[in-house]
Every structure is written in structure tokens, then in C-alpha cells.
Amino acid sequence: MHIQTIPILAEPISNTGSTAVVTALLVAGEYIAIALDDSEIHVFALDGSRKHSLNGSQGAVWTIAMHGKLLCTGGGDSTIRIWDLLTGNQIHVLAGHTSTIRALLFLDNTTLVSGSRDGSIRIWDVETGQCKQVLDSHHTATVRCLAGSSSQSNVFVSGGYDGKACIWPAFPPDKIECLQSLSGHDGGIYTMALTDDGKLVVTGGLDAVLRVWDVRSGKCSAELHGHKSLITKIQILQDRRLIISSDSTGSIHAWSLTASHTLIYATQTHDNSVTSFDTNNSQRVIISGGADGAVKLSDPQTGQVLGRLVRDGEAVWKVAFVGDGRAVAAISRDGRSFIEMVEFGQ
């Protein structure tokens, strides 16, 4: 299969000459948001036109979340900032965490969840800027990741460097209490994914093992061995019944989502760590970026590499789809971070 590509955009992310590293990239609704480790935040439209450069954060921005016309950012200054994507104005600064914010998740239009290096989770009302609840009695180390699913699910999941995952009710009638505490990883949890129906959660991290958990019972239904190092990302393709996972050696694995959880393939897609990948049920390809500087397209059913999407750089920070047949990459060239957008087809 031959992949044809048409470059749409290639320009420095920062207009100040910054050499900062990209820490987060998110495509949602009408916007692409990119955060850097020097406090800069840049917002682009889906056609690549620049919308806003947001100033106010102190230190690295490590995580972002978007919902509708709101952008939430969190990082090293221990605060969460809420921005209006229409105007670029800062609406609220949410203070309360005592260390770096590592994860953000919208539960609905007005409810935001944050996870921090202080080991706590906080629930926020983004309209008022008020903290509704602090969950600080379950994780004993950094809360590294948060996962939710579609509206069919009434739970969200947190994962931490303590090797534990916790399942929480998203919309309880009263206070949020931990439903299940999932222990079994030998090392920190770095990434997780929840099925659309909220019945299964898959976790991975430092011990190179994927664990599949039954959300209702809290039992580990499978341990998936095959990765040789830190698992960097997990995504679930519900329609294709696949679990896709990547690691810091450059490999991408696919596993069956059915009860057997069979390993379907393990491919050495990159020569160094897979820093980012993206796929979804409407796409017929996986886009992946690596510390080797390559952005590649591969077949989600076989793992076969179909081609490169852009000219290789020094490193690829993040990649994502921007609708069907278009992708965006944050890539390092000549010591600077670039945003590059490409249309592709067969």
C-alpha cells in the first residue's frame, strides 16, 4: 500500500524563538492545543492557522484538557488555569494542589478532575473555579494519569507512581468515594485506557506489563507480557476489539480485546522510544512518533509500517489525527519545536 502525503503546514510552534520541548498536544472540537516545558501554550485552528498564544503559567505545562470552548492547563506551578478558547482570556486560576499537576480530565461540561505529584485528586467546578472535593487518601505517590470513557460510563480511573489504580464514581449522589483499588503493578502506572462501556480498564507502566481489570469487581482478568520496557501509551479500538500499546524501545503491540487477550503482533516500529501514537475507530491507520525523529503510519490489524508521514527530524514529541486523512505532529528540527500538518491518502 502506497501512502501519498500533501504538506499543509510546517512552522515553529513558538513565535518567540523558544527551544522548549513539547509536553502536550491535544486535538478536540475546533482546536489544536500545544503546551511547552517553558510555560508557553499555543492554540491553532484545525486548518493550522494560529489562534492564541496564552501567557500566565509559571514553569512547565505538563497536561491539558479541552471541552467545548474551554481549555484547562496544569503544570509545575501547582495551579490549573482555565482559558476561553474564543478570546484567549484566562478565566480562572485553580489553586489547591501543593505540587506539579500531571493529569487533567473533564467529566462533563462543568466538572474537571486533576491529578498531582502531591498524590491527591481534586474535583473542580470550572464555572465557579471552586474545588468541590479533595481525594487524598488512596494514592501515596504522583497521580500520573486519569482515564474516562464515553457517556455510557459512570466511572473514571486514576493511576499513580505507587503502582495502584483507583476506580471512582463520576457522578455520585453525594461525595466521591473509591469504588475499587487495583494493585498488582511492580512500579508506577504511566498510562491507561477505559473501554467505551466502562467495563474494562487497561493499565501499563514501568514494569512493562499490561493489566486488564474488571471495573465492577476490581479483579485483574489478564496480565499481558511482551513489552521489554516502560509502556508509554495504551489505546483501545473498541470497534476492532483491539488494545494498542507502545513502549520505550520503539515497539508497538496489538492485543485482542476479547477474553483471550491474545497478542496479535509486536512490531519494532521505531528505532527509539515511541513518544506518541494515535488511532481511533474511524481511522484505518496508526500514526506514531518516536525519539528517532520519525513519524510513521502503520496498519492497526497487522502492524505493518506503511510509510513515513513527514521528513525525519531530531525527535517527535507528539502526534494526533485531525479528522479523517489529516494528521498533526510536534517535531524537533534544528533545536526548535515545529508544528507540521499533513494530509494523507492511499
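This is a predicted model: local features need pLDDT of at least 70, side-chain atom pairs count only at pLDDT 80 or more; totals for chains, interfaces and linings use all residues.

Q: Which strands pair with strand 20, and in what sense?

A: Look for bridges between strands. Strand 19 (residues 200-205) pairs with strand 20 in the antiparallel sense, over four bridges. There, threonine 203 stands opposite arginine 211. Strand 21 (residues 220-224) is also joined to strand 20 by four bridges, and these two run antiparallel. Here leucine 210 faces leucine 224.

Q: How many residues lie between the strands of each hairpin?

A: Count along the turn. Strands 19 and 20 form a hairpin with four residues between them. In that turn, alanine 208 has a positive phi of about 65°. Strands 20 and 21 form a hairpin with five residues between them. Its turn holds glycine 218, with a positive phi of about 80°.

Q: Now charges. Is arginine 102 buried or exposed, and what is the nearest side chain of opposite charge?

A: First place the residue: arginine 102 sits in strand 10 (residues 101-106). Arginine 102 is buried, yet has no salt bridge. The nearest oppositely charged side chain is aspartate 37, 11 Å away. Then check the contacts beyond four places in sequence: for arginine 102 they include Trp62, Ser116, Arg144 and Tyr161.

Q: How many disulfides are there?

A: Check the distance between cysteine sulfurs. The count is zero. For cysteine 145, the nearest cysteine sulfur is that of cysteine 166, 11 Å away. Cysteine 145 is buried, at 8% relative accessible area. The sulfur of cysteine 178 lies 4.2 Å from that of cysteine 166, its closest, which is too far for a bond, because a disulfide needs the sulfurs within 2.5 Å.

Q: And how many aromatic pairs does the structure hold?

A: Three. Read each by centre distance and plane angle. The rings of tyrosine 161 and tyrosine 190 have centres 5.0 Å apart and planes at 35°, so this pair is tilted. Tyrosine 161 is in the loop between strand 15 and strand 16, and tyrosine 190 is in strand 18, so the pair ties together parts 29 residues apart in sequence. Tyrosine 161 is partly exposed at 30% relative accessibility. Tyrosine 190 is partly exposed too, at 25%.

Q: What are the ring distance and plane angle for phenylalanine 321 and phenylalanine 344?

A: Their centres are 6.1 Å apart and their planes at 45°, so the pair is tilted. It links strand 30 with strand 32, the two residues being 23 apart.

Terms used: Residues are numbered from 1 along each chain as its sequence is written. Side-chain values use heavy atoms; hydrogens and water are left out. Buried means under 20% relative accessible area, exposed over 50%, partly exposed in between (1.4 Å probe, protein chains only). Lys and Arg count as positive and Asp and Glu as negative; His and the chain ends are not counted. A salt bridge is a side-chain nitrogen of Lys or Arg within 4 Å of a carboxyl oxygen of Asp or Glu. Contact means heavy atoms within 4.5 Å. Two strands pair if DSSP finds at least two bridges between them. Rings of Phe, Tyr and Trp (its six-membered ring) pair if their centres lie within 6.5 Å; planes under 30 degrees apart count as stacked, over 60 as edge-to-face and the rest as tilted.
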